[in-house]
2 protein chains.
Amino acid sequence: MAKVIQLGFLGCGNIGGGVYHLLTEMHDEILKREHIDIRIKSALVKSIAEARSDVPRDIMTEHAEDVLRDPDIDIICEFMGGEQPAASFMQKALENGKTVITANKMALALNWHKLQAAAVEHHAGLYYEASVGGVIPVIRSLTVSLNADEIDQVMGIVNGTTNYILTQMSQQGRPYADVLAEAQRLGLAEPNPTADVEGFDAAYKLSILSSIAFHTRVTYEKIHREGITCVSPDDIAFGREMGYTLKLLAIGKRNGDSIEVRVHPTFLPSNHPLARVDGSLNAIYIHGRYCQDIMLQGRGAGDKPTSSAICGDILYAARHLDTPIVPSFANTAETDPAINFTNNWTCRYFVRLDAADTPGVLGSVAGAFSGKSISIASLLQRPSSNGRATIILITHEASEQSVQEAISSLNTDLVKVESMIRVEN
Amino acid sequence: MAKVIQLGFLGCGNIGGGVYHLLTEMHDEILKREHIDIRIKSALVKSIAEARSDVPRDIMTEHAEDVLRDPDIDIICEFMGGEQPAASFMQKALENGKTVITANKMALALNWHKLQAAAVEHHAGLYYEASVGGVIPVIRSLTVSLNADEIDQVMGIVNGTTNYILTQMSQQGRPYADVLAEAQRLGLAEPNPTADVEGFDAAYKLSILSSIAFHTRVTYEKIHREGITCVSPDDIAFGREMGYTLKLLAIGKRNGDSIEVRVHPTFLPSNHPLARVDGSLNAIYIHGRYCQDIMLQGRGAGDKPTSSAICGDILYAARHLDTPIVPSFANTAETDPAINFTNNWTCRYFVRLDAADTPGVLGSVAGAFSGKSISIASLLQRPSSNGRATIILITHEASEQSVQEAISSLNTDLVKVESMIRVEN
């Protein structure tokens with residue numbers, strides 16, 4: 001009486017292999033629990049001869065159409081990564097009425113409206129739990145469990161590579177380049193680390209997360225993005241001294257029809273639950289009108305955790321092939337014109353200055369901020385070398401624009417702005 | 001084109017009122033998002049005249065049948081609390097083909113197999129996200145997102161009242177009775193606190209959580225249960241000194257066909273993510289073969305967070321009235337005979353002794369443990385009053401039975417066992 005469900009894989013590297021192993025090892029248990037007999041019919045690879053995964057060669061193919069057009073295949077799992085051809089393959093699969101499961105945040109973030117339209121039109125499922133936060137069940141929590149709520153904030157550590165680098169820099173006081181090189185040696189950072197360290201990966205994930213949380217399309221282009229390449233161990237150390245921990249955060253906030261979405265290095269109070277999420281862990285903090293504060297934490301990467309999330313989607317999809325769930329938010333190509341996306345958000349700011357150690361300098365610094373109506377919450381001055389001083393200040397709540405103007409006006413021979421880092425509560 | 005969904009409430013106190021307010025305040029937004037027009041048709045109360053909630057009197061009724069038999073009602077939300085008549089009302093609602101949503105862990109834990117059988121037979125939905133951990137989406141995470149995984153551990157702070165009491169005792173060094181009295185004054189503990197402080201509430205929740213996690217019925221009777229009434233501030237202080245934080249944990253572990261389920265005060269390393277979950281927060285830590293470690297944290301009580309979870313269930317149920325989801329695990333009246341429920345688990349142990357400060361005492365203590373093949377990981381001895389000493393020891397992994405035997409053999413005039421607290425990693 002078991003329902004046979006046949007899968008096709010697009011791509012069969014680390015994640016594809018992980019899903020293959022989970023489904024093989026858990027096949028009989030899943031059959032017993034769910035009465036679903038899951039079979040992997042075919043897997044698209046670039047080259048069967050060069051395939052490194054230990055998935056049986058006889059299910060591999062080098063022709064996408066073998067997977068996309070196979071009438072026996074119910075569900076297509078995309079493991080290729082990158083925007084294309086992953087997105088157009090997923091589009092074709094949906095147009096062929098096949099349910100699609102993906103962990104590909106880039107292809108999804110950039111093509112979501114088209115994929116969702118195809119899913120609706122062809123009555124197919126589209127699931128992507130693993131696209132944000134790996135195994136953390138944040139997509140389903142937002143789309144189902146918190147669906148009746150009004151979410152006003154999502155704030156996440158959604159990139160394990162940068163969290164690993166920042167954790168090492170913080171614990172060992174080592175500079176960015178050193179830790180990056182080590183992470184690359186350990187396989188924790190890509191040979192070309194740009195997507196991670198410049199915040200692109202986090203921004204794709206934030207596009208998905210904030211779209212779902214705020215029930216409106218937040219396109220990738222709306223996201224203010226800064227990476228961690230300019231973070232110095234000095235900032236981390238001074239921040240710690242003042243009670244803050246540095247994280248690369250993906251932040252989305254909604255206030256009425258105004259939305260801010262930004263990825264940048266951020267100081268959090270060291271007792272904030274996200275501040276304690278170290279190494280390659282991911283975590284997402286959610287705040288809403290009714291739910292108040294929720295935090296979900298887990299492995300954001302790795303073949304096993306990612307496979308767990310993908311296979312959760314596979315089982316869900318298999319049980320709902322006839323009644324697929326597509327989230328009902330307005331997933332349009334352009335963002336809703338009624339929504340105002342602002343780059344002039346309000347938060348607190350950490351500013352590190354290198355100043356001449358002469359009378360009047362502190363006054364001119366104070367004046368630059370007070371001139372923009374920014375009040376200073378705490379200040380630390382230390383002598384550095386060559387008769388100069390390091391000044392660290394943390395502001396009260398202030399607008400981005402006023403802080404940018406204040407620090408622009410400060411860059412003179414007497415005072416040099418070394419860094420400006422946003423502070424969240 | 002909106003689908004009209006009519007609700008009936010069983011009970012209309014704090015939580016019922018909260019759900020009423022959320023659905024009223026969010027009505028138009030939910031209509032816009034989901035095209036579902038949710039209406040609350042009637043609410044059963046004991047006495048309309050004495051009803052304290054500000055829900056309109058004209059939807060209130062004192063007759064259960066008005067709610068249970070109303071053919072207009074699609075979904076029945078149970079907010080009565082207690083086992084009966086809540087469970088029999090839910091049973092009748094399901095038999096009438098109505099989907100049931102409940103946050104009632106006691107009624108669910110004790111009658112789940114009957115309720116689930118009625119749901120399956122009458123093709124109705126049965127949802128209970130808010131029954132464990134309030135707004136924390138742990139039920140859906142386990143039944144859907146982690147459904148393909150093999151969960152071997154759930155460990156939760158699932159009772160806000162006891163977590164509040166232990167947090168206050170820990171931060172202020174105050175005795176249990178004082179803090180309980182204060183919690184009662186603040187409305188954070190019931191006038192009769194037994195259900196919370198003796199661990200009954202946590203045990204009902206663990207029955208639900210571990211049944212779902214381990215895909216087999218774990219009845220309430222199988223759970224070893226100890227409350228917090230004997231916890232002393234001394235233990236908390238000594239534990240802290242040794243790097244541990246005390247929590248009332250609901251612990252479920254599965255190893256092959258062996259399951260252990262227990263609720264008791266537990267020391268956790270102070271850097272464990274659960275150790276930092278303070279006050280009335282709840283959190284559930286999950287470990288599995290593929291997912292590795294996940295932690296979900298949020299408000300375990302309060303009308304708004306609980307309403308958020310219940311209304312998430314309501315929207316899900318409303319979208320799936322024709323295809324209700326019932327978890328597919330073996331939910332039987334009796335536990336599966338193939339499963340061995342053990343009370344002889346293995347963990348580490350914290351033992352506090354009051355000993356005569358005379359030569360040989362430490363040797364006899366060491367001998368009592370080594371005689372049961374229990375090795376001691378750390379030991380602390382301090383003079384106390386009247387020529388006696390306090391000895392604290394923490395064992396390496398040992399079996400419950402061997403530790404119980406060792407401490408029984410120790411209770412003499414020379415050595416008195418003041419406390420034994422289990423330690424988890």
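**Before you start.** This is a predicted model, in which local features need pLDDT of at least 70, side-chain atom pairs count only at pLDDT 80 or more, and totals for chains, interfaces and linings use all residues. Residues are numbered from 1 along each chain as its sequence is written, and chains are lettered from A and ligands numbered from 1 in the order in which they are written.

**Exercise 1. Describe the overall build of chain A.**

Step 1: Start with the secondary structure. Chain A has 14 helices and 18 strands; helices (H or I, at least four residues) and strands (E, at least two) are DSSP runs, numbered from the N terminus.

Step 2: Turn to the dimensions. The C-alpha trace of chain A spans about 85 × 45 × 35 Å along its principal axes.

Step 3: Look at burial. In chain A, 52% of the 425 residues count as buried, meaning that 20 or more other C-beta atoms, placed from the backbone, lie within 10 Å of the residue's own.

**Exercise 2. Trace the open sheet of six strands in chain A.**

Step 1: Write down the order, which is β3-β2-β1-β4-β5-β6 (chain A), with parallel pairing. Two strands pair if DSSP finds at least two bridges between them.

Step 2: Find the edges. These are β3 (60–61) and β6 (126–127) of chain A, each pairing on one side only.

Step 3: Zoom in on one pair. Strands β4 (residues 75–78) and β5 (residues 99–102) of chain A run parallel and are joined by four bridges, with C77(A) opposite I101(A).

**Exercise 3. Which residues cover the two faces of strand β4 in chain B, and which strands pair with β4(B)?**

Step 1: Sort the side chains. In a regular strand they alternate between the two faces of the sheet. In β4(B), I75(B) and C77(B) lie on one side and I76(B) and E78(B) on the other, and all are buried.

Step 2: Take one neighbour. Strand β1 (residues 3–10) of chain B pairs with β4(B) in the parallel sense over four bridges; G8(B) has I76(B) as its bridge partner.

Step 3: Take β5 (residues 99–102) of chain B, which runs parallel to β4(B) with four bridges. Here E78(B) partners T102(B).

**Exercise 4. Work out how chains A and B meet.**

Step 1: Count the residues. The contact takes 45 residues from chain A and 45 residues from chain B, where two residues are in contact if their C-beta atoms, placed from the backbone, lie within 7 Å.

Step 2: Identify the main contributor on chain A. Helix α12(A) gives the most, with ten residues.

Step 3: β12(A) and β12 (residues 292–299) of chain B run antiparallel and are joined by three bridges, and M295(A) stands opposite Q297(B).

Step 4: Check the symmetry. A rotation of 180° with 0.0 Å of shift along its axis superposes chain A on chain B (RMSD 0.0 Å), which is the relation of a two-fold axis. The superposition is by least squares on the C-alpha atoms of residues with pLDDT of at least 70 in both copies. Of the residues of chain A, L296(A) comes closest to the rotation axis, at 2.3 Å (C-alpha).

How values were computed. Buried ≥ 20, exposed ≤ 12 C-beta atoms within 10 Å, placed from the backbone.
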